[in-house]
Amino acid sequence: MIARRDALKFLCAGIASAALPGSGAAAPQFPKGAVIRTVLKDLPPEALTGGATLFHEHLSLAPDFMPKWMSLARSLFATGGTRGKPAAQPIQPAPNYFMQDPDLMAEEMTAAAKDGVACIVDGGHPDMGRDLDFLKQISAKSGLPIVAGCGYYAQPFYPPEIAAWTEDQIAAELIRQVNTQPVGVLGEIGTWDVMTPDERKVFRAIGRTQLETNLAIFTHTNFGKGALEQLDLLESMGVKPERVAIGHVGGLMDPKVEVQKSICKRGAFAGFDRQGGAGDAAQVKMVMALLEAGYADQLLFSSDFSMGGNQLKRNGGPGYAKTLTVFAPKLRAAGMDEKIVQGILVDNPRRLLAFVPKNDRHATEVGQKPGRNRKAVVSEGGAI
Ligand SMILES: [Zn+2]
């Protein structure tokens, strides 16, 4: 009798905990008409339940982007944190740069899909050398859905017009891009170190573009620096925190995860997006602390893949799926329930990316009823 009562109590406790917010186990609800906009077509969010969506990776960068990034980062740290000028080291783009080899990249995408990836978000845009046609090509070749970003990266990478343009002009240009190109998210939008006046202007323009287009935003911080300032600014524009992921917050090494907790508490996503490598142990501890605090629904994982070399599958590395194949096993070993792992990898990024479009550029490809008179599919890159 007692045993039965205990069993019932246990069962009820199980049911109760499954219904708690933050369990990461509840299937996400999407508004009517919500889509995830990939470079080839709009998908219903349900189309990506079969695997993980990696919310912050790089598939298309200019060959000189990472050398410039490394050089700037070195000078940033050497000067103790203020915006530095590029270091003296010459920029040496790699020959046969992997992000310009469509066959190699399609092969990497196919391998990632085999490892359980359902979709990859590319965090680049023109100031990083992102090539939309290249993304379309590798998505078509591999069959892996790819979401392209939109925006401007950070102060040292801005094109000259950013200094000259007003916030209105920047927002108008971004909205034009969203309405004429197959971009599916505003990201990555960065502050290189302390937010500059130009970066503030871009963040405000991004906030306005979000309100105008419903696309989600994901950001770049200097290892978490200024994370709350970014969220404050976007919220002050009227952007809802649940449409925002603050990036690279795994770089804030705090066992109490104060900043990350406050991001989650406000309803935004905390991006642990450089996962799957030597630094994972500290990241696992912080993620588990956030889980303990009830924020499983606010976490996003990715790897910010950008170096190639021995990280590529072709060269014997883990490839683009390392968040799943290298990082997730460490979470399971730390005690994370499989449902929670899947909730973070599969559901959370879909909740971020899904949006109800205000333009119907891809409308004929999603949920079209036979016989309905919709506009013809616009050719790729075309405007309506
Ligand atoms: Zn990135």
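1. Asp198 and Lys201 both lie in helix α7, 3 residues apart, which is about one turn of the helix. In this predicted model the two side chains form a salt bridge, with their closest N and O atoms 3.8 Å apart. An α-helix has 3.6 residues a turn, so residues three or four places apart point the same way. Although both are charged, Asp198 and Lys201 are both buried.

2. The helix that carries this pair, α7, covers residues 197–213, and its 17 residues reach 24 Å from the first C-alpha to the last, close to the 24 Å expected at 1.5 Å a residue. Just after α7, Asn214 takes a positive phi of about 75 degrees.

3. Which residues of α7 are buried? They are Asp198, Glu199, Lys201, Val202, Phe203, Ala205, Ile206, Gly207, Thr209, Gln210 and Thr213. The elements that cover them include the helices α5 (161–164), α6 (167–180) and α8 (227–236), together with the strands β6 (183–190) and β7 (217–220).

4. Because Glu167 lies in helix α6 and Arg208 in helix α7, the pair ties together parts that are 41 residues apart in sequence. Glu167 counts as buried because its relative accessibility is 16%, under the 20% cut-off, whereas Arg208, at 31%, counts as partly exposed. Glu167 and Arg208 also belong to a network of salt bridges in which Asp168 and Arg204 are linked with them.

5. Asp193 and Lys225 form a further salt bridge, with the closest N and O atoms 2.8 Å apart. This pair links distant parts of the chain, since Asp193 is in the loop between β6 and α7 while Lys225 is in the loop between β7 and α8, 32 residues apart.

6. Turning to the pockets, about 650 Å³ of space lies in the largest pocket. Of the 34 residues that line this pocket, the closest to its centre are Asp273, Arg274, Ser303, Asp304 and Ser306. The elements α2 (65–78), β9 (269–272) and α10 (280–292) each supply at least two residues of the lining, and the largest share, 4 residues, comes from α2. By class, the lining of the largest pocket has 14 nonpolar, 14 polar and 6 charged residues.

7. Where does Glu46 lie? Glu46 is in the loop between β2 (42–43) and β3 (52–57), and with a relative accessible area of 47% it is partly exposed. Leaving aside its neighbours within four places in sequence, Glu46 is in contact with Phe30 and Arg350. Glu46 and Asp347 are 301 residues apart in sequence, yet their C-alpha atoms are 9.6 Å apart in space.

How values were computed
Residues are numbered from 1 along each chain as its sequence is written. This is a predicted model: local features need pLDDT of at least 70, side-chain atom pairs count only at pLDDT 80 or more; totals for chains, interfaces and linings use all residues. Side-chain values use heavy atoms; hydrogens and water are left out. The expected span of a helix is 1.5 Å times one less than its number of residues. Buried means under 20% relative accessible area, exposed over 50%, partly exposed in between (1.4 Å probe, protein chains only). Contact means heavy atoms within 4.5 Å. A salt bridge is a side-chain nitrogen of Lys or Arg within 4 Å of a carboxyl oxygen of Asp or Glu. On a 1 Å grid over the protein atoms alone, a cavity is a set of points where a 1.4 Å probe fits but cannot get out, and a pocket is an open set with protein on both sides within 12 Å along at least five of seven lines; lining residues have an atom within 4 Å of a point. Grid points are joined across faces, edges and corners, and a volume is the space filled by probe spheres set on the points.
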